[in-house]
Amino acid sequence: MKTLQRQALFGASMLVASATVAFAEFSWDQFSGQSITVMMPEHPVTDGVRAVIDQFESDTGIDVNLQTMAEDLYFDRMEVALRGSGGNAQMDAYFLPMDSTAYTQHTNGLVHSLQEFIDNPDLTAADYDLGDIPAGFLDSTKFEVDGSWEYHGIPASFETYILFANMDHVNTYLDGQMPATMEELIEAARKVKEESGGSVAGAVLRGIRSDTLIDTVTGFVNNSVGAADRSAPYNVWFDGDWSSPKLDDSDIVRGLANYAELMKAGPINIQAMDWPDASQFFMAGGAAFFIDASLFAPGFENPDESPIAGKIAYSVIPVDNDENEPFSAHWQWGFGVPQNAASPEAGWLFIQYMSNTDNATAIGKLHGGAPRLSTWEDPEYASSFPQAYVDAVAAAMPNSQSSVVQRAGWSEFALRIIDVIQEIYGGADPAEAGAAAQADFKAMIAN
């Protein structure tokens, strides 16, 4: 749900305060006199960057040409700019979708590894704490280069998948009791739909048959699988090798079945709903529960636009694993450097500056998805959002893993996973649906 992170959805009117980095002994002006081009879509992060650019230019002596455009134009322009002309890309830093887009750019030799910059104390300040960003976030652009795994992007904003609850419906039909486990959530959703006579859906989710659902679905599956390894490139769907898919794994099947069961408690047209439809349905008061991207919260809490503002409870996805801990998934925007940037080191200083602790927090106030753990512990940042939302996202972050699978043609596999949910929704036995998908995965890999 990339377009969720647009300014229009949030209606943010806050001004970001310029935050100057701690200088310590680091030479921020080592590339003084250089000019860089930065390309970004219109986005709350871009608004934050605009508010900080003057201070960046003053501190570094680097002149920034910030090129922005509507998001629907950005993806095409980004690809053209990466390829550039005359051997050089048309930009030195850019807003990077940290998903299959980044992986494809890496395989095509278009995105620069940041590892040499990160490992160089002359190019990375000692107080730039990558350990403050969850490993699962950084994993999104950790690609293999000559046998080593290297970072190719730095997170700028993220959406993780959490539970939203309309407390009017929870109070009316569930005596105010929020479900703590996935089993309780499914039972509660069924009860709301039954006792309301269908006038209120127990839950609403994205229900269309599309590979774009894989981000949210991965959150469900991670929650059922628990602490098992799901690192790059295979994520949760393969057992350490492309020849070993896991679609018949009982935990994975249960996660997919959980999604289907909540769909059954949803509106009759749920199979026609993508994220705009599902989110609007929830915001209109049509459902008791909604599991989707955390970044919906600022829009839901806007009293000028949302009928349910001030009536929402937030939590992690109710647990469904042996560890009895919340697990989820996420999608991210980040910053990257083109492989053929004219000034890659100066581009890296820009990225480092905009994603340090102070600026990640200041810019994060505009979108509610700051990727640093320390930000969510900052009282000033937390005061910008409902405390329950802050608590839910902070609890989800440490065990959230990217939904990215680093494999060419992954969308075809993702759609086959979505079909398992559709089949279970239609009445198929979950284990049989998972076994059929497992066989199809093996055939697709063989071919």
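**Close-up views of a predicted model**

**Figure 1. The largest cavity and its lining.** The largest cavity in this predicted model has a volume of about 80 Å³. Its lining is made up of 13 residues. Those lying nearest the centre of the cavity are Pro155, Ala156, Met354, Ser355 and Ala360. Two elements, strand E6 (154–166) and helix H14 (357–364), each supply at least two residues of this lining. Strand E6 gives the most, contributing three residues. By residue class, the lining of the largest cavity comprises 10 nonpolar residues, two polar residues and one charged residue.

Figure 2. A search of the whole structure finds two cavities of 30 Å³ or more. For the largest cavity, the corresponding division is 10 nonpolar, two polar and one charged.

**Figure 3. Helix H2 and its kink.** Helix H2 spans residues 44–60 and has 17 residues. The distance from its first C-alpha to its last is 24 Å, close to the 24 Å expected at 1.5 Å a residue. A kink of about 45° is present in H2, centred on valine 52. Valine 52 is also one of the buried residues of the helix. An α-helix has 3.6 residues a turn, so residues three or four places apart point the same way.

Figure 4. Glycine 61 follows H2. The phi angle of glycine 61 is positive, near 75°.

**Figure 5. Alanine 284 in a loop.** Alanine 284 is found in the loop between helix H11 (275–283) and strand E8 (287–293). The relative accessible area of alanine 284 is 59%, and the residue is therefore classed as exposed, the cut-off being over 50%. Proline 430 is 146 residues apart from alanine 284 along the chain. The C-alpha atoms of alanine 284 and proline 430 are separated by 32 Å.

Key
Residues are numbered from 1 along each chain as its sequence is written. This is a predicted model: local features need pLDDT of at least 70, side-chain atom pairs count only at pLDDT 80 or more; totals for chains, interfaces and linings use all residues. Side-chain values use heavy atoms; hydrogens and water are left out. On a 1 Å grid over the protein atoms alone, a cavity is a set of points where a 1.4 Å probe fits but cannot get out, and a pocket is an open set with protein on both sides within 12 Å along at least five of seven lines; lining residues have an atom within 4 Å of a point. Grid points are joined across faces, edges and corners, and a volume is the space filled by probe spheres set on the points. Helices (H or I, at least four residues) and strands (E, at least two) are DSSP runs, numbered from the N terminus. Ala, Val, Leu, Ile, Met, Phe, Trp, Tyr, Cys and Pro count as nonpolar, Asp, Glu, Lys and Arg as charged, and the others, Gly among them, as polar. Buried means under 20% relative accessible area, exposed over 50%, partly exposed in between (1.4 Å probe, protein chains only). The expected span of a helix is 1.5 Å times one less than its number of residues. The bend at a residue is the angle between axes fitted to the seven residues ending there and the seven starting there.
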